[in-house]
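The entries below keep the order in which I looked things up.

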Amino acid sequence: MEAFNGIPVKYDLRPTYFDDFQCLAGDCRLTCCKGWHITFDKKDFMSMKRLTGSPEFNDRMSTALRRVRGGAFSVNFYGEIRLKEGGLCPLQCDNGLCMLQQEKGHTALPVVCRIFPRIEAALPSGYYERDLSPACEGVLAMLWELPDGIEYRSDPLPAGQVERVPMVPRGSLKAHFHEIRSQCIDFLQDRRISLPKRILLMGLALKYLVDGETDISRWLDRAKFLSEQAAAGGIALEEDNEQMLHKFLANHARFLSLIPPVDDAFKKVPQELLETLIIGGTSENGTARARVSSIPYREARARFEERFGSRDYFMENLMVSLFFQMHFPALDSPQELWKCYVNFCNVYSIYRFLAVMSCREGAAGDRDELFRLMVYASRTVIHNGMVQTAIQDVMFETDSATLAHMSILLCG
């Protein structure tokens with residue numbers, strides 16, 4: 001009798017490009033070795049503390065590590081890299097490579113450095129899922145080169161890698177995670193309609209589950225019928241208008257204030273974007289005031305469409321990748337499912353806003369600037385659960401978590 005009677009995870013599931021990823025190393029402009037506070041557990045901390053090597057290596061290591069004391073997560077966050085001025089890792093060489101890896105090999109790195117940008121997890125669906133974070137410039141470059149969209153592959157895991165995860169209640173939504181998620185990705189990849197409308201359509205379908213639908217076969221049929229109706233023009237979805245766009249921009253002006261700075265490469269981004277959108281004015285009593293103007297954004301959007309209009313698939317690929325790697329949709333309860341959908345709309349809205357703003361007045365408006373802002377969004381939102389929660393809380397506190405408000409988030 002096995003010690004743990006859970007669900008056996010026997011298969012690997014990953015996007016087909018996963019196997020082709022290679023770190024850009026010294027050619028990376030937006031290195032993960034700068035700005036991020038790299039923390040690790042006691043095992044990694046003690047292992048690195050014992051390492052010795054060349055005189056320069058020993059000198060750097062003598063001040064590179066810092067013990068993190070106390071806190072709710074002190075077991076997993078036992079130590080961290082003591083960043084140099086400007087947020088640079090003290091173990092990074094002038095050529096952009098890691099001195100720890102060069103002298104001691106890949107296995108000497110702490111786990112977080114060994115796996116990034118890879119994201120891996122065993123799920124109750126029976127799959128060991130692997131993906132790549134768009135917080136890496138090299139991953140974005142791969143998504144850029146997939147005009148036909150993302151495909152996935154699955155292989156049996158070697159017998160020694162099979163593990164078990166806790167069972168889920170039979171008949172619950174979580175028991176149908178793989179089917180529901182696959183249908184959601186089908187929505188996101190349906191190029192017969194625009195990406196914002198695909199996301200809204202997915203919300204219409206998920207609302208059936210939120211409202212109590214439990215027959216998954218019937219839900220899948222209704223979801224497919226919605227797709228066909230929308231593709232044939234039989235579902236009217238609200239179009240972009242000036243009022244919606246103004247609310248969209250006001251949302252992002254507020255969101256920018258919730259996103260903390262990352263490092264020297266990104267800390268000025270909120271100020272740069274706000275200075276583009278905010279214009280001055282005078283109230284009736286003569287006092288100065290500021291307001292959000294849609295004109296700079298519309299001009300940036302026109303330049304964005306001109307320069308990147310043929311790359312619409314890039315944003316699709318980005319959102320499909322995020323939906324997969326964030327293990328959406330959350331199916332613990334109808335409430336969590338809807339929060340998850342709202343969160344995804346927020347995420348898309350932020351990426352879309354920043355993508356357009358890469359073509360703002362005075363910006364380069366090229367792929368490098370686009371990638372810079374996509375990495376900024378990934379590091380400040382996708383890799384920061386507190387920011388996601390803060391943005392989500394604003395939506396629910398202001399009763400803005402409705403499908404009508406999702407139209408505003410997606411209108412940019």
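This is a predicted model: local features need pLDDT of at least 70, side-chain atom pairs count only at pLDDT 80 or more; totals for chains, interfaces and linings use all residues.

**Entry 1: strand β7**

Residues are numbered from 1 along each chain as its sequence is written, and side-chain values use heavy atoms, with hydrogens and water left out.

**Entry 2: the sheet around β7**

I next asked in what order the strands of this sheet are arranged. There are 4 strands in an open sheet, ordered β6-β7-β2-β8, with mixed pairing; strands here are DSSP runs of E with at least two residues, helices are runs of H or I with at least four, and both are numbered from the N terminus. Two strands count as paired if DSSP finds at least two bridges between them. At the edges stand β6 (118–122) and β8 (152–156), each with a single partner strand, so one side of each is left without a neighbour in the sheet. Neighbouring strands are turned by 20° against each other on average, direction ignored, where axes are lines fitted to C-alpha atoms (for helices over the stretch in contact) and angles run from 0 to 180 degrees between N-to-C directions.

I then went through the pairings one at a time. β6 and β7 run antiparallel and are joined by 5 bridges, with Arg118 opposite Leu132 and Ile119 partnered by Asp131. The two strands form a hairpin with 4 residues between them, and Gly126 in the turn has a positive phi of about 95°. β2 and β7, by contrast, run parallel with 3 bridges, and Leu13 stands opposite Glu129. β2 (residues 11–15) also pairs with β8 in the antiparallel sense over 5 bridges, where Pro15 faces Tyr152.

**Entry 3: helix α12 and Gln325**

I looked for what covers this sheet and found helix α12 (residues 312–325) lying across β2, β6, β7 (127–132) and β8, at about 140° to β7. Gln325 belongs to α12 and is buried, with a relative accessible area of 6%. Which residues does Gln325 contact, leaving aside its neighbours within four places in sequence? Taking contact as heavy atoms within 4.5 Å, I listed Ile119, Asp131, Leu132, Ser133, Pro134 and Ile382. Of these, Ile119 and Asp131 are the bridge partners noted above.

**Entry 4: the three-stranded sheet**

I found another open sheet of 3 strands, in the order β3-β5-β4 with antiparallel pairing, whose edge strands β3 (39–40) and β4 (65–67) each pair on one side only. β3 and β5 (residues 79–81) are joined over 2 bridges in the antiparallel sense, and Phe40 stands opposite Gly79. Helix α1 (residues 42–49) lies across β3, β4 and β5 at about 135° to β4, while helix α2 (residues 55–64) packs on the sheet by touching β4 and β5, its direction making about 25° with that of β4.

**Entry 5: the whole protein**

The secondary structure comes to 16 helices and 11 strands, and buried residues make up 49% of the 412 residues. Among contacts between residues at least 6 apart in sequence, 75% join residues at least 24 apart. The protein exposes about 20100 Å², of which carbon and sulfur atoms supply 51%; the accessible areas come from the Shrake-Rupley method with a 1.4 Å probe, and for residues only the protein chains shown count as cover.

Terms used
Buried means under 20% relative accessible area, exposed over 50%, partly exposed in between (1.4 Å probe, protein chains only).
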